Amino acid sequence: MAPTAPTQRPTMRHSSAFLLPSTAPSSPAPGPDDAAVAVVVLNQPLPRFAPLLWSRAAVRVCADGGANRVFDGMPALLPGQDPDEVRASYKPDVIKGDMDSVRPEVKEHYSNLGTRIVDESHDQDTTDLHKCIAFIAENYSATNKSNQLSILVLGALGGRFDHEMGNINVLHLFPSINIVLLSDDCLIFLLSKMHTHEIHVEKSIEGPHCGLIPIGMPSTSTTTTGLRWNLDNTSMSFGGLISTSNIVEEDKLTQ
């Protein structure tokens, strides 16, 4: 009997082109394979590129106190504009979470503008980010395959370490969705074992440093191209090797 051929994993493509300035007001939102872009805002200071990503998103969801950050932070990022006009323009589509952080006046302000308020205070077993990702996946699955949707999470890094780890855990809970955790300084995404990966590097806005961290379980065999110190069927684990402070050499990385 002939041996069974190995199953070929689908390729997930990653790109930070969504952070590039628009060439024209009508330019389409760039993303992996022209994917639809969703933005989730967490309860941390907005990164400087928040208005750009907001304008490119098909849906904008604030996780509970993330609504405070949009209400306070967008006018601060756009100081030449009238704050009331900014708040009217940068209105979330949904505020979702257990509602223990959003200020009452902020919730009322956006509710009056038509924002959908989804109170899930009954659910204390999942994080607000988990709730928001599940909402987006459920409501966009009819028009977007999960690997064609990029969810950009603003305010996911910085602040309390346990919150950061909870956000990284959400990547593992939704491995087939391209979720990117963003801050002013770095971005994180999951290289799921369900896929092979192509990472298209925008050198004008990212790099040269790159890390491969085996979170959740050891990586028994990792092979890369495009890095200064490529891995060749290399095992990585906590307590063993992890590839920190690697350097991007090519415009495209593979894993």
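A cavity is a set of points, on a 1 Å grid over the protein atoms alone, where a 1.4 Å probe fits but cannot get out, and its lining residues have an atom within 4 Å of a point. This is a predicted model in which local features need pLDDT of at least 70, side-chain atom pairs count only at pLDDT 80 or more, and totals for chains, interfaces and linings use all residues. Residues are numbered from 1 along each chain as its sequence is written, and side-chain values use heavy atoms, with hydrogens and water left out.

**View 1. The open sheet has seven strands in mixed pairing.** The strand order is β5-β4-β3-β2-β6-β7-β8. β5 (116-119) and β8 (187-188) are the edge strands, each with a single partner, so one side of each has no neighbour in the sheet. Strands are DSSP runs of E, at least two residues, numbered from the N terminus; two strands pair if DSSP finds at least two bridges between them.

**View 2. β2 (residues 36-41) and β3 (residues 59-63) pair in the parallel sense.** Four bridges join the two strands. Val39 has Arg60 of β3 as its bridge partner.

**View 3. The second largest cavity holds about 60 Å³ of space.** Volume here is the space filled by probe spheres set on the points, with grid points joined across faces, edges and corners. The lining is made up of Leu191, Ile199, Cys210, Leu212, Thr224, Thr225, Leu227, Leu253, Thr254 and Gln255. β10 (209-212) and β14 (252-254) are the elements that each give two or more residues to this lining.

Key:
On a 1 Å grid over the protein atoms alone, a cavity is a set of points where a 1.4 Å probe fits but cannot get out, and a pocket is an open set with protein on both sides within 12 Å along at least five of seven lines; lining residues have an atom within 4 Å of a point.
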